[in-house]
Amino acid sequence: APCPQWPYCRKCCSYCNFNTYVVPAVDEAAMRACLVREAQTLLRLSQVHSVTSVFFGGGTPSLASPATVAAVLEAVAGAAHLPADAEVTLEANPSSTSTSRLAGFRASGVNRLSIGVQVRGALPAAAPAAPRDPVVTSLPPQSLDDAELRMLGREHTAAEAQKAVEAARGLLPGRTSIDLLFGLPGQSRDAWAQRLEAALGLCDNHISLYQLTLERGTALAAQVRGGTLPTPPQDLLADMYQTARTVLVAAGFRHYEVSNFARKGALSTHNLSYWRSDQYIGVGPGAHGRFVLRGEGSHTREARVQTLEPVAWMKEVQSQGHGTRSRVVLSPLEQLEELLSLGLRTDEGITHERWGYFSPQLSLQAVFGTPGEAQALQQQGWLVLDSGGLRCTWAGLAVLDSLLPDLLWQLQRV
Amino acid sequence: MALAGRAALRWGARLPSPGPAAAPLCRPAWLPAACERPYSSRDEEKVDMSTYPVESIRNFSIIAHVDHGKSTLADRLLEITGTISKTNLNKQVLDKLQVERERGITVKAQSASLFYSHEGINYLLNLIDTPGHVDFSYEVSRSLSACQGVILVVDANEGIQAQTVANFYLAFEAQLSIIPVINKIDLKNADPERVEKQIEKLFDIPTHECIRISAKQGTNVEKVLQKVIEKIPPPQCNTADPLKALVFDSTFDHYRGVVANIALFGGEIAKGQKIVSAHTKKRYEVNEVGILTPNEQPTHKLYAGQVGYLIAGMKEVTEAQIGDTLFLYKQPVEPLPGFKSVKPMVFAGMYPIDQTEYNNLKSALERLTLNDSSVTVHRDSSLALGAGWRLGFLGLLHMEVFNQRLEQEYNMSVILTAPTVPYKAVLSSAKLIKEYGKDQITIINPAQFPDKLSVSEYLEPTVLGTIVTPQEYIGKIITLCQDRRAVQKDMLYIDENRVMLKYLFPLNEIVVDFYDALKSLSSGYASFDYEDAGYQSADLIKMDILLNGNPVEELATIIHNDKAYAAGKLLCERLKETIPRQLFEIAIQAAIGKKIIARETLKAYRKNVVAKCYGGDITRRMKLLKRQAEGKKLMRKIGNVEVPRDAFIRVLKRGTDK
């Protein structure tokens, strides 16, 4: 699954600490050429045969032109097999998503839109094999209140957000995802419940639900720390999360990952590949990847990070075909640690099969079925280990970060 | 020790052993004519001290409140007498430790022999520097025991301060001649007249006896030297008598072992002599004697009345106990009075941050205590903190300085537990009396606190505190003292707007933060000093802290009954802030026996999961998780509650009362 990264934004959002750049004029032709070149180089290095999904993240990739998206997809299809039903997601910002523009993206090959506040670090990921339901995500104004949007430093208004979602659903019915944010400074339980209702009226079949995290170095975090904005109390945040889970499940959504809900099977194939520790290839400034460099004859999974700063990244791509800034070989233990930490975020957890793929010698049962932390956590009702594998209970999922240190510690001692 | 290095450049190399190559450099410019002889062998490079009979010797100290200019005056005296050359680099030449220069205090007394010609006579003036803080009053008194007089320095602007009073009485009680000096007369706000009147009122010294100087600019410093010669009597002793040498300080040199600072009260001492310690009865052969200028300068001999150093194959500083008397083998003498073992006032646990550092810390402690014999060391261990030590210090500053020296000179970071004072219990239980072999025990660790049923009385150490303050702060200071259970003993106006207060304090009430509180409520103007005032009966109890009903051994505190509720409440509140939330609710309680006196509840985590986790930078997140996993083995488990090891320290560090 390649994840091409468009690092530019029109404006800096107050809560975002991604690798984003606001520049007066982007040399799109040069950027396009470099994304294409890097995608080709890395796909060749990975020797991936088939690509399951492509995810255009950012920055604000919807600011790029559909031609750029098309060029990258062509490059992917040229370097590996890209099935017609492969999931191709574009993150979109409500203010840059007119219907005609969205139609342009669809024509370029995008089949899922993710709209929202929540524009993530862009990563192209190449997941090998087994294409699943192609899911197109996106769209959403998660926040449907102008005051909230202003606090978040978002450029769009609630009306624009609503329009964008409607446009996306019209173009790609069933393949639009929206982001919902809760835990905004000053947000009450009631305000959240209303917001949730409104979102249900607007949404398609996929919702990403995020508690607002105050990332260091962001304007919002500074305001909260400085006392201009209140810190939401822990218990209120827990209530909001539980309310949302309950309401969404009642509305027919499957809570398939800590922050993700889907109905009618509209899970994000691309994101699932992260949580299942599949291979993914990061393309673009600051993108991260995890894959095996079969092209170099390697058999071990590497963690790779591309150069952060766009101009420097472009220079490297132009001179050597890719702008990989760091590559670290992951040890078998490190791979298992990632599998554990990511896999337990999903409702299916870590299956015996998947665990066995990374740990052919030592089964899940051998590591966590013996007396120790995992058994204690099972007895306390946070965790389940059965024929399906290792996974969190409904209650356990909400406190996963308190379970992981114990489990990792147990794993390290094996 | 950057400055020691600089000083060494000016004075010539400070060598582990005197070598011929260094000799021409080592010979200081001041060396008087009598000593100047052609050198033919290494031996003859040494100074001949026989030309300084008792009558031409003066032994003195400079005493002052902190920052009143003691070290600057010492610098000027060293310059005038040619002991060191005049340069503006001479700043606190005798304060060799980094911590001394940083904090502007003298921790380790240093000495220097000055040669000065006055009215045709060559004098040998031995300046015996003293530590400059209340914690070190014992060191001051032992330095004074080698002197016949003192220069009492008072700041012309600040006037008499608490420590001035304390130091004056130490000198006065030792019956030393006192030369009052008013320093910093060059300052704009200097008011020497007012200070002279204070000195007259408080110390009964006529105003005309005060010398007004500026040590910084050198004004009238020569006059001080002349007064030293005129007013301070020479030591009363005789070279014809058998050797009688007082050990008044000691340092440790990695190459040569213990270097003992000695004052000769009779006889003479030279290389090759066999000597005996009156305290340990151990016998040694003298390897080297010499004077301090202020670096070690070997001499042929030292004679009665003189002050210098001695190296005699002692391996540990405990062999050169302060106050000990040395005499010649088979010529025993009556030991000099004043020997007493050091009495620590403050105890604290010290533990390596990581147990793998235990041996390194052990060796650093051993080496540092070689140079600071006033620290007592007992091995100790704690369930939470592992193996460590219980250390006794002269006071809180001493503890801080010791810790700072460990960090600066040995690069060791340690965990220090909350300081506690040495309580006592008078036992009534026959069983316990038999067990301890005595009916009164000292408790330096709350874990050893005996139950009330087997005790007839608890005792707590007290100190007599002196506070000097501008009068506008009196109200607040009196309230502060009452809050600390102090009893007023005296209140005296030392001039129109300055007041001296005397209070009897329970020691534990001032140990942690009294000085800071006093400074902050008086905008820094009030000064404080204290002296040991024995023990008093006290209503003491042991307070336990419980987590979900299980006691936390290291948080047990001995506390006065009246203070238990407030302290217990505060500890619980702080623990609540310090212990991380867990998957279940935690009751944090303070208890006296079975009675719960305070409670806080730490609620369970209901949500703790990071919202966004995709293919971005999970490396950072994995690092955090692995650090937390790693931290699991450093967790102290109390029942099922996991507490980070440093949580208790963080709670305790801020003191147990406000």
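Helices and strands are taken here as DSSP runs, helices of at least four residues and strands of at least two, numbered from the N terminus. The peptide bond that joins T293(B) to P294(B) is cis, with omega at about -10 degrees. The model is a predicted one, and all values that follow are computed from it.

Two further backbone features deserve a look alongside this proline. Most residues other than glycine have a negative phi, and most peptide bonds are trans. Q47(A), although not a glycine, has a positive phi of about 55 degrees. This residue sits in the loop between α1 (28–46) and β2 (53–58) of chain A, where Q47(A) is partly exposed at a relative accessible area of 43%. In chain B, D204(B) likewise is not a glycine and has a positive phi, of about 65 degrees. D204(B) belongs to the loop between α7 (192–203) and β6 (211–212) of chain B. Its relative accessibility of 68% counts as exposed, because the cut-off for that class is over 50%.

Of its 658 residues, 57% count as buried. Among contacts in chain B between residues at least 6 apart in sequence, 69% join residues at least 24 apart. The accessible surface of chain B comes to about 27600 Å², and carbon and sulfur atoms account for 50% of that area.

We turn next to the meeting of the two chains. The size of an interface is often given as the accessible area lost when the parts come together. Between chain B and chain A, the buried area is about 3500 Å², with 56% given by carbon and sulfur atoms. On the chain B side, R606(B), K607(B) and Y614(B) lose the most area to chain A, together 23% of what that side buries. The contact draws on 28 residues from chain B and 46 residues from chain A.

Polar and charged pairs also span this interface. There are 18 residue pairs in polar contact across it, both partners at pLDDT 80 or more. Helix α16 (residues 618–631) of chain B supplies nine residues, the largest share of the side of chain B that touches chain A. By residue class, that side divides into eleven nonpolar, five polar and twelve charged.

Side chains of opposite charge can pair when their charged atoms come close. Over all chains, a search of the whole structure finds 40 salt bridges, and the count between chain B and chain A is eight. R606(B) takes part in a salt bridge with D239(A) at 2.4 Å, N to O, and in another with D235(A) at 3.8 Å. The latter pair crosses between chains, from D235(A) in helix α8 (residues 234–250) of chain A to R606(B) in the loop between β31 (595–602) and α16 of chain B. D235(A) counts as buried at 19% relative accessibility, because the cut-off for burial is under 20%. R606(B), by contrast, is partly exposed, with a relative accessible area of 35%.

A further salt bridge, between E337(A) and K626(B), has an N to O distance of 3.0 Å. E337(A) lies in helix α11 (residues 332–343) of chain A and K626(B) in helix α16 of chain B, so this pair joins two chains. E337(A) is buried at 2% relative accessibility, whereas K626(B) is partly exposed at 23%.

Within chain A, the side chains of E373(A) and R413(A) meet in a salt bridge of 2.9 Å, N to O. Because E373(A) lies in helix α14 (residues 373–379) and R413(A) in helix α16 (residues 400–413) of chain A, the pair ties together parts that are 40 residues apart in sequence. E373(A) is buried at 17% relative accessibility, and R413(A) is partly exposed at 44%. Elsewhere, salt bridges that share partners join R189(A), D235(A), D239(A), R581(B), K603(B) and R606(B) into one network.

E316(A) lies in helix α10 (residues 310–320) of chain A and is buried, with a relative accessible area of 15%. Its side chain is joined to that of T307(A) by a polar contact of 2.8 Å. Leaving aside neighbours within four places in sequence, the residues in contact with E316(A) include T307(A), G321(A), H322(A) and R325(A).

How values were computed:
Residues numbered from 1 in each chain as written. Chains lettered and ligands numbered in written order. Predicted model: local features only at pLDDT ≥ 70, side-chain atom pairs only at ≥ 80, totals over all residues. Heavy atoms only, no water. Contact = heavy atoms within 4.5 Å. Buried area = accessible area lost by both parts, 1.4 Å probe. Salt bridge = Lys/Arg side-chain N within 4 Å of Asp/Glu carboxyl O. Polar contact = N/O pair within 3.5 Å; in protein donor to acceptor, adjacent residues only side chain to side chain. Nonpolar A, V, L, I, M, F, W, Y, C, P; charged D, E, K, R; others polar. Buried < 20%, exposed > 50% of the residue type's maximum accessible area, 1.4 Å probe, protein only. Areas by Shrake-Rupley, 256 points an atom, 1.4 Å probe, with all protein chains shown as cover.
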